[in-house]
Amino acid sequence: MSLLRHGVIGLLMLLLGACVPMATSVRPDQIRFAPLEFSIPVVEPILLPNGIRLYLREDHELPLVEITAMAGVGAIADPADKTGLAGLFAATLQTGGAGDFSAEAFDRHLEQIAADFAVIADTYTLSLDLSLRRADLGEGLKLLDAVLRRPGLDAHRFELARRQAVEQVRRQDDQPGSVASRALMRALYGDHPLGRTPTVASLEAISREDLLRLQQQSMRPDQLWLGVTGDFDRAELLQCLTEIFGDWQAAGRANSPIPPLAPAPSAALWLAQKNIPQTTILFGEIGIDKDNPDLQALRVMNFILGGGGFNSRLMREIRSNRGLAYSVYSYFRVGRLLPGPFIAGCETKSGATGEVVALMRQIMREMRQRPVSAEELQLAKDSLINSFVFAFTDTHQIVTQQMRIDYFHYPQDYLQTYQEKIAAVTVADVLRVARDYLHPDEQNLVLVGASADFEVPVESFGLPVKTVVQQSHP
């Protein structure tokens with residue numbers, strides 16, 4: 001009986017198997033997909049009667065709303081003797097209360113409505129970010145209005161923010177990367193605001209009255225950019241904004257002009273002595289701003305040089321082939337209003353400092369001397385084009401990106417033509433921009449480490465040696 005049962009089951013399986021067509025194996029390189037279709041998301045800009053520029057995008061997936069207010073209050077306008085003013089202003093604006101709320105009451109109210117609030121100052125702008133439930137949108141806009149127009153700037157919170165900033169300055173030389181970065185910016189930009197960083201003296205020179213004056217001079221509706229995303233009704237939101245911000249009229253003065261750059265000083269080797277077993281290496285020179293016509297060709301060139309991770313020449317040769325560094329990289333920090341720096345860097349053991357410096361220079365020279373391969377070029381272009389879509393995965397990021405594009409006067413078709421311009425880059429373009437913008441023998445070089453442990457003397461690097469003064473603290 002058992003043998004009969006097994007025989008029947010086997011026969012059934014054989015018959016069923018005969019009804020199923022045999023799968024044909026396909027190699028991965030033979031698989032074909034329909035071409036991806038991607039269009040740039042549209043963000044609606046609205047100009048309110050009092051000059052506020054409003055950017056909206058509805059997203060009803062969650063009952064949340066995100067708001068970003070952006071004003072032209074950045075570190076670029078800090079007086080030289082009060083460097084750090086914009087940062088202290090942002091910190092105190094966030095924590096110092098507003099309107100009828102004391103600092104403590106403001107904090108409690110944010111907690112009660114489960115809202116997140118942050119204020120950040122960067123080089124050119126001040127951003128106020130507020131995230132809250134859809135039901136509390138009206139209350140959140142009132143709080144934002146109070147912060148912008150009637151900030152408390154509590155004296156105790158201001159002093160606390162200053163003490164924290166001073167402590168950060170006193171501890172900033174503990175990190176070799178921080179020492180190297182600040183030294184390089186100072187070498188490239190000198191006493192220009194782009195080259196300055198806060199000091200204990202500059203922070204202690206700032207008073208609460210400086211913050212009040214900055215708010216009165218810079219906070220005005222025609223200098224405000226407002227982005228709102230999430231679960232809101234457009235008509236209701238516009239009505240609410242009109243009721244809350246409608247009586248705010250322009251006052252104060254326009255933003256201060258951006259100070260121009262002075263001619264770049266001659267390159268040098270900037271040495272910061274630290275008794276540590278590895279060296280932080282940074283090469284740098286003045287790069288480009290967003291209006292440079294070679295921007296996309298430089299993106300491709302830099303991907304091949306050091307921006308493409310394990311696909312880049314610097315990483316492949318210095319890490320993968322020789323094991324001399326965990327990470328090695330290069331990038332152009334594209335300036336929005338003024339040229340930003342080109343930087344190439346890594347960390348390596350002290351005894352390999354000379355070898356790595358020589359290799360980095362050699363790889364940069366080779367970018368200038370010989371055309372890249374067709375395979376390198378195609379990989380770089382494909383990677384940049386395919387990764388472009390990830391800039392549009394977050395609804396609020398889409399809106400704030402469009403705000404900044406308009407604020408900094410990017411070309412109107414910047415996003416729409418990005419992929420097209422990357423795809424059009426040729427081998428000849430890469431060689432040309434490498435020769436025009438990459439100057440390894442004229443770059444500033446920063447070394448942070450124990451020079452006594454280098455395998456070569458610092459004089460052998462071919463640059464005048466200058467000492468980076470570091471701050472000592474208890």
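This is a set of questions and answers on a predicted protein model.

It is a predicted model, in which local features need pLDDT of at least 70, side-chain atom pairs count only at pLDDT 80 or more, and totals for chains, interfaces and linings use all residues. Residues are numbered from 1 along each chain as its sequence is written, and side-chain values use heavy atoms, with hydrogens and water left out.

Trainee: How many helices and strands does the protein have?
Mentor: Helices (H or I, at least four residues) and strands (E, at least two) are DSSP runs, numbered from the N terminus. The C-alpha atoms fill a box of roughly 95 × 65 × 50 Å along the principal axes. The count is 16 helices and 12 strands.

Trainee: What share of the residues counts as buried?
Mentor: Buried means under 20% relative accessible area, exposed over 50%, and partly exposed in between (1.4 Å probe, protein chains only). The protein has 474 residues. Of these, the buried share is 47%.

Trainee: In what order do the strands run in the open sheet that holds β1?
Mentor: Two strands pair if DSSP finds at least two bridges between them. Six strands take part, and their pairing is mixed. The order is β1-β2-β6-β3-β5-β4.

Trainee: Which strands stand at the edges of that sheet?
Mentor: Look for strands with a single partner.

Trainee: What is the bridge partner of A69 in β6?
Mentor: Strand β3 (residues 64-71) and strand β6 (residues 224-230) pair in the antiparallel sense. Seven bridges join them. In β6, the partner of A69 is L226.

Trainee: Which strands does helix α4 touch as it packs on the sheet?
Mentor: Contact means heavy atoms within 4.5 Å. Axes are lines fitted to C-alpha atoms, for helices over the stretch in contact, and angles run from 0 to 180 degrees between N-to-C directions. Helix α4 (residues 137-149) makes about 160° with the direction of β5 (126-133).

Trainee: Where is A98, and which residues does A98 contact?
Mentor: A98 sits in the loop between α2 (85-95) and α3 (103-112). Its relative accessibility is 0%, so A98 counts as buried. Leaving aside neighbours within four places in sequence, its contacts are F106, A146, V147, R150, P151 and G152.

Trainee: Which strands stand at the edges of the open sheet that holds β9?
Mentor: Six strands form this sheet in the order β9-β10-β8-β11-β7-β12, with mixed pairing. Each edge strand has a single partner, so one side of each lacks a neighbour in the sheet. The edge strands are β9 and β12 (465-467).

Trainee: Which residues of β9 lie on the covered face?
Mentor: In a regular strand the side chains alternate between the two faces of the sheet. In β9 (residues 328-332), Y329 and Y331 form the uncovered face. The covered face has V328, S330 and F332.

Trainee: What is the bridge partner of S330 in β10?
Mentor: Strands β9 and β10 (residues 341-349) run antiparallel, joined by five bridges. Strand β10 also pairs with β8 (residues 278-286) in the antiparallel sense, over nine bridges. In β10, S330 is partnered by A344.

Trainee: On which residue is the kink in α10 centred?
Mentor: The bend at a residue is the angle between axes fitted to the seven residues ending there and the seven starting there. The expected span of a helix is 1.5 Å times one less than its number of residues. A straight helix of 13 residues would span 18 Å, but α10 (residues 295-307) spans only 14 Å between its end C-alpha atoms. The kink is about 30°, centred on M301.

Trainee: Why is α10 described as largely enclosed?
Mentor: Helix α10 lies across β9 and β10, at about 165° to β9. The rest of the structure largely encloses α10 because its buried residues number 11 of the 13.

Trainee: At what angle do the axes of α10 and α16 cross?
Mentor: Angles under 35 degrees count as roughly parallel, over 145 as roughly antiparallel, 65 to 115 as roughly perpendicular and the rest as oblique. The helices α10 and α16 are therefore roughly perpendicular to each other. A297, L298, V300 and M301 of α10 meet D429, V430, V433, A434 and Y437 of α16. The axes come within 9 Å and cross at roughly 90°.
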